[in-house]
Amino acid sequence: MFDQVTKSIQWGQETLTLETGKVARQADGSVVATLGETSVMANVTFAREPKPGQDFFPLTVHYQEKYYAAGKVPGGFFKREARPTEKETLTARLIDRPIRPLFAPGFKNEVLVMCTVLSHDLVNDPDVVAMIAASAALTISGVPFMGPIGAARVGFVDGEYVLNPDVEDMQGLRHHPEQRLDLIVAGTKDAVMMVESEAYELSEDEMLGAVKFGHEQMQPVIDLIVDLAEAAAKEPFDFRSPDYSALSSRVKELGEADMRAAYAIRDKGERRDAIEAAKDKIVAGLSEDEQADPNLGSALKKLESGILRGDIIGGGARIDGRDTKTVRAIESEVGFLPRTHGSALFTRGETQALVVTTLGTGDDEQIIDALHGNFRSNFLLHYNFPPYSVGEVGRVMGPGRREIGHGKLAWRALQAVLPAATDFPYTIRVVSEITESNGSSSMASVCGGSLSMMDAGVPLKAPVAGVAMGLILEDDGRYAVLTDILGDEDHLGDMDFKVAGTEAGITSLQMDIKVAGITPEIMEQALAQAKDGRLHILNEMSKAITEAGSFSTHAPRIETMQIPTDKIREVIGSGGKVIREIVEVSGAKVDINDDGVIKIASANGDAIKKAYDMIHSIVAEPEEGQIYTGKVVKLVDFGAFVNFFGKRDGLVHVSQIANKRLGHPSEALQEGQEVKVKLLGFDDRGKVRLGMKMVDQDTGEEISEKREETAD
């Protein structure tokens, strides 16, 4: 029944297996990739004809994590997988970015790639496995795909690169200080196509070494996919890239002068209007057949691209007048909003981010229901890109893949410099509102995020800045690396290479390539040029703020205390009775974790102190020699029982009440009276022994032995 083909290799510490021919046989290409006991099924289908009038390539990539893969039932009210999680969206982008440039030029047929996690061993992350499965499924499907690609995850521990580290090691580098890198690299046999990473201030050489290491380690995977394709690939789809050279020549003839004049305009809005006017004039000069040609959009883009790229490669200025290494003018401002906990307005050229920081308590942490288990995140970064930021109208909906991806990139860049939760026990939410955009708004979010957190009083280890690099790479080998790219340079160029970090090193790197990969030499130049740009931006940011400012009066104060884990039950009480009483009486918010760390939050310092004292009285043990304030609860013939420490009572023997002989304790004391007592020790049965006569009842200070003798 099945025409099954299976290929395997030993890859790192695990066996990687690719299998086809057994499941999803009606798809154009279907591969189940398994690493260890993590399995991902990738299915590829494509349309045999493009839709009439379609002038773009409609590639759709979906990645789904099924909870059954890890033996779990989905959390929440609806017990089934619903809209994509952040992890699913980010992984779909990881798959999309390296494969999109490798489809044949001019191919505009609809393509669907669906990756489904079938099994998760809680050791090997399914994201890299999904990238490999998708590459294999595309390679055997017959679609005009110029792959295959391979992928690998790289860690960095004790100066050594690690291939495909465990999921647990990658769960938030802040919690694994020995692990300094989480990098995913994808590429072809000859070149790197995509890089995504978060890091702990790695040098440029260390980061470049990690990319090279990942590219080397993925070569056996590429060979395995080729081996599978030789045994199981379908006949290639009959497609030839369209020849629209005649149309391109006609477009160039009609509009080169107007388009060149439009690209000479420095202002983005005016330039955009002039470009549209030039396009309208070109279209008006074409015949009806030429206007109906589906390659007209490609011919217009080729004209634009040729002008922008030719000027730069020829040694001329960029469209805004800069050379290849200059960063646009920067203006930084903090404290922009009066009532927020922290805010910053970061403007770089025509790109602007209004970034706001809010400090919350443990109750505000995000609970993430992932395949490998539930965990909490106390650092959130949300990125918003409204239509008005680029002068457009459009529907405003929930965050899309772009917003989630850019937000995560900024999150990765900033997470490395956050203080430890024990030192700064707040939940930090950063929101970046892009108010203007002309290139690199994600890096503006990094710069603005760093400034706004310092404005909120967050003690960052160091400020972070980010810069986006571009590339113009010609067929003859000539190239130019561009610092701080504009939107048009991103759109018409060959690379979007974003680097963020501190003065000490890189904290995040993201690279996307639109051509068939770049060489290590080009990447090395881009990293060196990015470092110069980053240091310049950090210097400009320092004019606004250089370290954590004063704490906002509107932010909650949080104090932490550590209690023994065996005391947690006493603080919570039966059914939460004790902790509810503490919250009600003190007015503070109290959060306890399983390690015995208690966070007490309130805008009122007195409320925090009251809650702290109440908890301390429950968990603390009285210390011998210390003086306490107590209340007489019972008088007996041989002394007085005093409640002096929480619910702890102790006996003041009649001989220890005063520096004179008493017939009965009632001669000096009465029930309900407040007294100062000293803890003398514990008897053989553990009973508390207290004394009063050695303590000044007015001041609470201990009376010296000489004063006691004088009193006698």
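This is a predicted model: local features need pLDDT of at least 70, side-chain atom pairs count only at pLDDT 80 or more; totals for chains, interfaces and linings use all residues.

Biologist: Why is helix 15 called roughly antiparallel to helix 16?

Modeller: Helix 15 (residues 577-586) and helix 16 (residues 605-619) pack at an angle of about 150 degrees, with axes 9 Å apart. Angles under 35 degrees count as roughly parallel, over 145 as roughly antiparallel, 65 to 115 as roughly perpendicular and the rest as oblique. The angle of about 150 degrees therefore makes helix 15 roughly antiparallel to helix 16. Such angles run from 0 to 180 degrees between N-to-C directions, and the axes are lines fitted to C-alpha atoms, for helices over the stretch in contact. The helices themselves are DSSP runs (H or I, at least four residues), as are strands (E, at least two), numbered from the N terminus.

Biologist: Which residues of helix 15 and helix 16 meet?

Modeller: Val 578, Glu 581, Ile 582, Val 585 and Ser 586 of helix 15 meet Ala 607, Lys 610, Ala 611, Met 614, Ile 615 and Ile 618 of helix 16. Contact means heavy atoms within 4.5 Å.

Biologist: What makes Asp 496 count as buried?

Modeller: Its relative accessibility is 11%. Buried means under 20% relative accessible area, exposed over 50%, and partly exposed in between, with a 1.4 Å probe and protein chains only. Asp 496 is at 11%, so it counts as buried. Asp 496 is found in strand 20 (residues 495-501).

Biologist: Why is Asp 490 called partly exposed?

Modeller: Asp 490 has a relative accessible area of 25%, and is therefore partly exposed. Asp 490 belongs to helix 12 (residues 487-492). UniProt lists Asp 490 and Asp 496 under "binding site", in an unreviewed entry.

Biologist: Which residues is Asp 490 in contact with, leaving aside its neighbours within four places in sequence?

Modeller: With those neighbours left aside, Asp 490 is in contact with Ile 485, Asp 496 and Lys 514. On the same terms, the contacts of Asp 496 include Asp 490, Ile 485 and Gln 510.

Biologist: What makes the backbone at Ala 24 worth a remark?

Modeller: Ala 24 has a positive phi of about 50 degrees although it is not a glycine. Most residues other than glycine have a negative phi, and most peptide bonds are trans. Ala 24 lies in the loop between strand 2 (14-20) and strand 3 (29-35). Ser 440, also not a glycine, has a positive phi of about 60 degrees. At 10% relative accessibility, Ser 440 counts as buried, whereas Ala 24, at 34%, is partly exposed.

Biologist: How do you know that the peptide bond from Gly 147 to Pro 148 is cis?

Modeller: The omega of that bond, from Gly 147 to Pro 148, is near 0 degrees. Pro 148 is placed in the loop between helix 2 (126-141) and strand 7 (150-157).

Biologist: How many residues apart in sequence are Lys 531 and Glu 204?

Modeller: Lys 531 and Glu 204 are 327 residues apart in sequence and 8.1 Å apart in space, C-alpha to C-alpha. Lys 531 is in helix 13 (residues 520-541).

How values were computed. Residues are numbered from 1 along each chain as its sequence is written. Side-chain values use heavy atoms; hydrogens and water are left out. UniProt positions are given in the numbering used here, feature names are shortened, and annotations may be inferred rather than shown by experiment.
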